[in-house]
Amino acid sequence: MSSPAPIAAPTTGRGRRFAALVRKESYQIVRDPSSILIAFVLPLILLFLFGYGVSLDTTQTRIGLVVEQETPLTRDLAAGFQASRYFSVSLGRDRRDFEDDLVLGRIRGLVIIPARFEADHAAGQHPTLQVLVDGSDPNTANFVQNYAQATVANWERQRLEQDAGRPPAISTEQRFWFNPELTSRNFLVPGSIAIVMTLVGTLLTSLVVAREWERGTMEAMMATPVSAAELLAGKLLPYFLLGLTSMTLCVLLAVFLFGVPFRGSVAALYALSATFLMPALGQGLLISAATKNQFLASQLALISAFLPAFLLSGFLFEINSMPTVIQWITFIVPARYLIPSLQTVFLAGDIWPMFLQSIAVMLLIGCVFFVLAARSTRKRIG
Amino acid sequence: MWWTRLKALIVKELLAVLRDPKGRAILIGPPIVQLLVFSYAATLEVTNVDVMVLNRDNGHWGQELVERIDGSPTFRSIAFTDDQNEVRDAIDRQRAIAAVEIGPTFSRDIEAGRPAEVQIILDGRRSNASQIVSGYLGRIVGTLAADTPAGERTASETIAVVARNWFNPNLTYQWFMVPNLVASIALLIGLIVTALSIARERELGTFDQLMVSPLRTHEILIGKLIPPMMIGLFHITVYILAAVFIFGVPLRGSLFLLYGSAVFYLAAVVGLGLFISALSMTQQQAILGAFLFMVPAMLLSGFATPIENMPTWLQPVTLVNPLRYFLVIVKGVFLKDIPLAEVVRQTIPLCVIALVTLSAASWLFRRRLE
Amino acid sequence: MTDEPFVRISGVVKRFGKGAPALDHIDGEILGGRITGLVGPDGAGKTTLIRLMTGLMLPDEGKVDVLGFDTAKDPAGIQASIGYMPQRFGLYEDLSVQENLDLYADLRGLPLAERTATYDELLEFTDLKRFTSRLAGKLSGGMKQKLGLACALLRKPRLLLLDEPGVGVDPISRRDLWKMVENLTASGIGVVWSTAYLDEAEACDGVLLLNEGKLLFAGAPSELTGRVADRVFKVSGVTGRRRETLARFLDKDGVVDGVIQGEAIRLVMAPGATPPSAPSENAGVTPQATVTPPRFEDAFIDMLGGGPGGHSKLAEAQKPFANESGKPVIEAHGLTKRFGDFTAADDITFDIPRGQIFGLLGPNGAGKSTTFKMLCGLLKPSAGEGRVAGFDLRRDAAEARNRLGYMAQKFSLYGDLSVAQNLNFFAGVYGLSGERKKERTQLMVEIFGFGRLLAMSAKDLPLGLKQRLALACAVLHEPEALFLDEPTSGVDPITRREFWTHINGLVEKGVTVLVTTHFMDEAEYCDRISLIYRGRSIALGSPDDLKKQVADAACPDPTMEDAFIALVQRSEERQAAA
């Protein structure tokens, strides 16, 4: 109250203004339950869901096995199925006993060793094995078919080698690099970290900026000597750090709780995550500047950021298998670049040519979002 | 008298959602996005696969194997190399999901009746897709093996595995996905619309207006229950029509059973929505609350992955999830024509959930008034 | 005082979307060292005009110069030298008082060396010293407003822009704030104070009076009130049914405006007209009309061409409620509400006989809303009971609710529903059906002139019409008791007159009214008032009784606001003594 009226000198005190904005934002994050919810609780829930709940590992799929006529050979084949780690087998004599189970989804498939099996086999008359699969879940159906086939092939090979001393004509040796046990958790958990950062970067940021508009504090800020760039930067830095914090939390959980291997370097992890937060935060800012309303912002953030990160990023679904038009759309989804890189950092190690390419594209998308956001957040209202 | 009041309330609720541009956006936007993105993009099928081949064999059989891979519609492109490092690089940078290595003695071994060997390297980072690719490649190698002289000799003894897919002979992924969506869209819309309905009235101040009217608490609850159910039934109907007429999913069971159980499913969903709504003070909280419920509900329903794949300690958690039961019914009615008894068996838990959530919501609702 | 005006507004037009412009060719000046009131009802364009002065918004036509800078060219220059307090004070609710001050000190570049002194001075000045560590969200309305002001004053601005600082604040805080701002003008600061309260306008050095985006008047308030000097009369000694008398007066030629003022009737006459004589029911007392000093509102109405007539078609259609039993219609017995260890309402007792208006008066947060909510059944009392028309609101809720009409403070109809849909909804909820529903809604449409607007969304209605629709929905079912929560705050004076004409008419037919208000004029419409302060009823009586209680030599003819402040202070003194 005692200083004379100042003449505008916007460059002086920039550092202090910026620090003040960052401090304010940090206090708010700590005191607002919804930021804690989105930045820490939601990530934990997601991580747990992907660590435990969502599993593409088809171990112990329930199938029925019908041995129409018991002979040493069919008993041996049945034992092959029972020994398989992929199946949990219930035995029966008659396929009709199992048909209802198949309809009701109690078993996923039914393997039938027909009565003529032994006779056909002995006579070299093309013995056949029937596999009835519940096609209503095509993914599981595929696995049941594949594993049934593999089980039979295995059994045959062993018989040929042991009894006839005849190895198979061609044997295949399969090696799954980076994840030899094919644990789906190993690639789902790193992928979900990208989704967590999308939530913090886009959903939370768009909500808090929209809230400032709704509560009228944005207006009060703008009527001070703060510049629009300072306002935006003061918003971004805390949420950038928050995003990295919740990523760090997730990584620690992934490694120490879920036992996901971490073969890359911490530097690569942070370089990738930090870059990813650019487009994520930029999108959040753009959404809030465009809507200025928490409700619309949250809906838009969910539809334009969360869903694509989930569905169009290669996280769960192969991009290559999508229709071409949708494949084009995935090119502008930042998570599409982060998720494979994160999976690589965890499972394969540092593959810098791949990372650099991802980083370049994410930076490019980030720049576009920032330019758009800055254009719509000038110091004007209405 | 009570009917006049209730009717006024139901008409108002419907109008409030339909006349509000934001409300309309919720009813139209997400359903379309969901239908298109999920049914076309969310597929666990694996097509357009890129593989790399390192063929050190210069005989006939190596060439034959490459041609058979090339001829398979699953594979989009085959890159050839003779450098082990390039294979490593292609897998590392995900330019190929699999690499097939054919050894130098491949043809010779086959001709000589010695066991020949093919090495397949797969990218374990994408374990689901690579398992499926390994299945495809395994089958190609298997048919090739059957055509070798050694294979032909044993052909008559080789066991043929004849697989038949019930309910979905070609394993069309959309037959699986679209019925799933019928159930999940009702969850999405029902939950959001209901969760917002009370919170919005609170924020706008119209809630007090309702409370001072002669409407009784249970009338308000019923008035809040029926409109989202009507909206949910509308979405279910639209999705069923889309399933049958756009995606060609066969409808083998009884629509009557489907709608009959849908009513209970929607009551359970709306009950959950009301519960969230009664808990939250602002629309913001209601949305976050709905979201917080929705994500686990979708993931732990058997939609994304079968419930039996989950750890045994987690499986009981899915018992409180209404989506779990209705998914069985929708898929069952569409593809399997499941019997009435099974529909009833799945509907009973829905009734229980509806009963619990509705009573909890009304209890909370009354308590909130104090 | 500088000669050059601080703000020069020339030919400013601002439009939002289609329809009438929000500001329509406004010209005006704001001088340093003075408080300039920006006066007008809600929606008049006050906030828009202030935003134009901050440079946050640009005019579509015309030009605004602030402190020598053009807002279009150099908003940064302006923003460095103004203090601005937006309507919701611009405070961060989850930051403490000190943190808010620090934030704005950093943003405005207050040197560290000066901080201790400045904070001391401002906290002293605003009396917030004890609360520096409290979160801003936990402050009362008055304290928030003072903190908002302190933040705007951190680096002494040349021009201070205050957008409705008086809203939601009790008269005592409002008076404090006014004194603070007056002190500032003494040091040459220019102050813009926007308000919908016309009594605030009267105290300003100069006003810009806005209505529906148009500038009605610019100049000193006394200039405006001067136009009705000697034309304002107070008719006292009207016994018996003064509302009916007022209604008859208003229908007479030459009467421009009239309101109930305690036990008297206040009339504004056309130039040259003499006040009509009132009938005397009591031979001992003859009604007398005396000239009384004009108020800003008298002049405003006169300028708008006078108020509506005194005739209420709504009341005419109302069937009278007979007062057979003589029992009170609304009763409060020892109503108490505790939230945790905080007592929001403490042992409140009163009753309202049929055909009376009862006012709950008090600052925000004092407990009047809590009392009001307990009486209409929205809150369950911790102790005591409330009855409406003899029914306990908790036990026979539906019966009781059928007999009451409710109108909330802020517009609380369904904005997305059309006018007709709102009417139908409320008719249905109150159990009207068939012929009767048709007849009553038809009647409302006629009375309030909704004919052409039936298909319009309620949220798109102008404020005055929203108010009418809210009243229509509240009285559709012919309630015995009406609960009105700050019914006319922010409404233009003509609509307010019309509103009270209807209410007065209904009361004459035996409808009983409970109204809450912190609006002093509105309190004068009541037969009796309970003054609620810190959860307790500290005074109960007719407006004139309360005024008489505080009249003394220094202030022989106190206004309602004087009475309010004096009674609150007395209560505090008693509290301190005890």
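## Domains of chain B

The domain assignment of chain B, whose bounds come from an automatic or database domain assignment, gives domain 1 (49-154) and domain 2 (171-369). Taken over C-alpha atoms, the centres of domain 1 of chain B and domain 2 of chain B are separated by 48 Å.

## Basis of the model

This is a predicted model, in which local features need pLDDT of at least 70, side-chain atom pairs count only at pLDDT 80 or more, and totals for chains, interfaces and linings use all residues. Residues are numbered from 1 along each chain as its sequence is written, while chains are lettered from A and ligands numbered from 1 in the order in which they are written.

## Annotated spans of chain A

An unreviewed UniProt entry annotates "transmembrane region" in chain A at several spans, including 296-317 and 329-348; positions follow the numbering used here, feature names are shortened, and annotations may be inferred rather than shown by experiment.

Helices (H or I, at least four residues) and strands (E, at least two) are DSSP runs, numbered from the N terminus. Residues 296-317 of chain A are 73% helix and 0% strand, with end C-alpha atoms 28 Å apart. For residues 329-348 of chain A, the content is 80% helix and 0% strand, and the end C-alpha atoms lie 27 Å apart.

## Sheet of chain C

In chain C, four strands form an open antiparallel sheet in the order β2-β1-β4-β5, where pairing requires at least two DSSP bridges between two strands. β2 (23-30) and β5 (69-70) of chain C each have a single partner strand, so one side of each lacks a neighbour in the sheet. Strand β1 (residues 7-14) of chain C pairs with β2(C) in the antiparallel sense over five bridges. C:Leu23 in β2(C) is the bridge partner of C:Lys14.
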